[in-house]
Amino acid sequence: MSNTTVNTNEATIVTEEVKSFQNEIAEVRNTASGWYSNEYKTSNERLYSIFSKLYVIYDNLTTTVDDATTQKREWIEAECKAKGVVLAKKPTIIQLLVNYAFYVDDVDCSKRLSSYVRVLKSAVCNDGVKADNIAKWIADKGGIESVRQQTTKSAVTKEQRIEEGNALLNRFETIANVTNEKTTQYASTKTEEVVLLVGVLQADGSVAVKHTIFKEEDDSTIKGTTVINTALCNVYSKHNETVKKNTSKDKAEEEAQSINDIISNAELADEVQLKDVA
């Protein structure tokens, strides 16, 4: 058999493999597009299954370094650019897969795509997460946004903001003391509990307190837990905003640093792999 024949056969095999890849990723994109158009707000289960399929493709593209893999990567990058996707100078395989699958024409979806990239990165960097359990992992973590928060610097979960807001209140100086019929009623049973006072600012700068909110009240089914927790989140966020003006580090960055280091190392390994392929 001549060298020409051998080279032709190898080229045919590569072409067929790349074509198979194109069909496979196109099927994932069709699934993703259908989800966006019809079930964006309700079909988390289907969304998570798309991440599972992308994980399989990611594994296939990163476990083999050959001409076919190079052509697959070049093809998907070209497809993303043709659709108008704004990519980094050297996009990672995860960025390419997510942008190809989830990009929607004429829709500003950059924040959503960025979140999905972070989630998939976090998954592939976690030894306990694989294609067959990534959907359950995302669900157990509280969903896409919750995973994104846990893997993004300066972001903390709502539960953490509530806890920190409560702790900050206990350290803050007292601005004013207010007593009314309801606070007196619960003084003996709800001491140290967070209470929300609703008032109206007056022309002289004073506040006319009009309403008092407790998390729970006797003989009432209306609870104030949600609004009080929202207020505690505000306490934390406003305090953190002030702190950030005077320091380059904050509690949220320290809590997220570990997993961000893992992701950074994974990105570096990805870049090294790309250089090896090139």
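The chain holds eleven helices and two strands, where helices (H or I, at least four residues) and strands (E, at least two) are DSSP runs numbered from the N terminus. This is a predicted model, in which local features need pLDDT of at least 70 and side-chain atom pairs count only at pLDDT 80 or more, while totals for chains, interfaces and linings use all residues. Residues are numbered from 1 along each chain as its sequence is written, and side-chain values use heavy atoms, with hydrogens and water left out.

From the N terminus on, the order of elements is α-α-α-α-α-α-α-α-α-β-β-α-α. Of the 278 residues in the chain, 36% are buried, that is, under 20% relative accessible area with a 1.4 Å probe, protein chains only.

I turn now to α10. This helix has 20 residues and reaches 28 Å from its first C-alpha to its last, close to the 28 Å expected at 1.5 Å a residue; the expected span is 1.5 Å times one less than the number of residues. Which residues of α10 are buried? They are Ile228, Asn229, Leu232, Cys233, Val235, Tyr236 and Asn240. Seen down the axis of α10, these buried residues fall within an arc of 150 degrees, so they line one face of the helix; the arc is taken from the directions from the helix axis to the C-beta atoms.

Finally, among contacts (heavy atoms within 4.5 Å) in the chain between residues at least 6 apart in sequence, 61% join residues at least 24 apart.

Note on methods:
Buried < 20%, exposed > 50% of the residue type's maximum accessible area, 1.4 Å probe, protein only.
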